[in-house]
Amino acid sequence: MIYLDNSATSYPKPQCVIDGVFQAMTKYGANSGRSMYKMALETSEQIYKCRKKVANFFNVNNVENIVFTYNCTMALNMAIKGIVKEGCNFIISDLEHNAVLRPLETLKQNGICDYKIAKVEKETYETLKNFEKCIDKKTIAIICTGASNVFGNIPPYRALSMLAHKYNLMFILDYSQCAGIIPLDINECNVDIMCCSGHKGLMGPTGVGLLILNNNVELKTIIEGGTGTNSIILSQPTEYPDKLESGTPNILGIIGLSYALEYLQEQKIYKTYKNELFLLKYFQKYLMSDNKFIIYTNLFENNVRYAPILSFNVKGKRSEEVAAYLSDNGIAVRGGLHCAPLAHKKFKTDDIGTVRVSPSFFTKKSDIDFVINSLRKIAK
Amino acid sequence: MNKMYIKFSSVTHAMRAKEIIELNGCKVIIRKNNKPLKNDGCGYVTVVTGNTNNVVNLLNINNIKYTGYGYQ
């Protein structure tokens, strides 16, 4: 199988991640942060090591501010519901995933808060103007994706962070599509809360997400329970990360992520990103050579930055049909709406969806050639 | 040699403390708090051996939260 669905989850995983998870299962089988015997403490140490690696990876000052969740959706829910106030307002981009939209829509339907959608333009200053227009005295935060999970375009999140802080708003970044692919320094970018998954570009196992807090952000909890600490007291602990990590964590996943982070550091992720973009540009050139294709991601545009994601359609066919055809030919891509209805409305693809191609570090040029050959047949 | 016992509610805080204290030349072992006071609930203790004069200061400077300490 040629796997080009890395925006959903990366595959294959590096061998060291597979070995790491196996080792976790056999060597670190105890629960972490609870008991006192040797294996329990060693397991806790492995979790701590991963926390430190995450902190180094994103330049987070305080290791306690790295919170392990089970996925990015959970992290975003914890961020949004952790800061929401009755009658407040959020501003989000028109590229957001349902992981942002649905929690906000639910809060809105429950009469708790409202949200406004600002359009991302090709020019940064126009995007900033759109967001600035949405700010009012009820606004508490700007939420923006690091890159569209459908079209790959990168909104000007650094500038949006500056805008948010100019108005004393919180800035929340959904970095799911970029983490492990495009380096991020949380301090330099002045992100207040960063959420991402561990199983996409970070190449870890599924079932691990990251919620990273910066600038002394205080979140209310949405899940309470056992933390292995202060058990006599019924109130939830107030200190991070325990406050936000109730219940047994995904120990296997976290240890796997730890190995994945080491792997990414060794591979130098800048190089990986460049290679993935090179492959997609090569693919786009082929699509451009045949007018049966509609291309929504233009990697050759000068003023737009892209994550390694490309969306296209074959004229006269639904995206699901093309994805199914490619699947029959041993190629894994995703068709449909990719849980991002706003982005599809923006690109006027909400009726047929798009075929999304997302390579990884392991994708070769010969894989893209195979896809091209398969597409030649369907585009006849 | 004096042994210093520092209590932490969170294993993450205990591990961060271990790292910083060891960088300053002391030996640190982490274990569960096996003699918790009524209000301690569950928690961890770091046992520090070596020159412990500056340890509390180190924890404070690095903003590491501990719930108590003592010597034996």
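A:Asn216 lies in the loop between strand 8 and helix 8 of chain A. Select this residue to begin; note that the model is a predicted one. The phi of A:Asn216 is positive, about 55°, although the residue is not a glycine. Most residues other than glycine have a negative phi. With a relative accessible area of 75%, A:Asn216 is exposed.

Next, select A:Pro241, which is placed in the loop between strand 8 (209-213) and helix 8 (251-267) of chain A. The peptide bond that joins A:Tyr240 to A:Pro241 is cis, and its omega is about 0°. Most peptide bonds are trans.

Now move to A:Pro12, found in the loop between strand 1 (2-3) and helix 1 (15-27) of chain A. Here the peptide bond from A:Tyr11 to A:Pro12 is cis, with omega near -5°.

Then select A:His338, in the loop between strand 11 (331-332) and helix 11 (341-346) of chain A. A:His338 is not a glycine, yet its phi is positive, about 55°. Is this residue buried or exposed? A:His338 is buried, because its relative accessible area is 1%, and buried means under 20%.

Finally, turn to the cysteines. How many disulfides does the structure hold over all chains? There are 0. Select A:Cys50, which is in no disulfide: the nearest cysteine sulfur belongs to A:Cys196 and is 11 Å away. A:Cys50 counts as buried, at 0% relative accessibility. Select A:Cys178 as well; this residue is in no disulfide, and the nearest cysteine sulfur, that of A:Cys144, is 9.9 Å away. A:Cys178 has 0% relative accessibility and therefore counts as buried.

Key. Residues are numbered from 1 along each chain as its sequence is written. Chains are lettered from A and ligands numbered from 1 in the order in which they are written. This is a predicted model: local features need pLDDT of at least 70, side-chain atom pairs count only at pLDDT 80 or more; totals for chains, interfaces and linings use all residues. Side-chain values use heavy atoms; hydrogens and water are left out. A disulfide is a pair of cysteine sulfur atoms within 2.5 Å. Buried means under 20% relative accessible area, exposed over 50%, partly exposed in between (1.4 Å probe, protein chains only). Helices (H or I, at least four residues) and strands (E, at least two) are DSSP runs, numbered from the N terminus.
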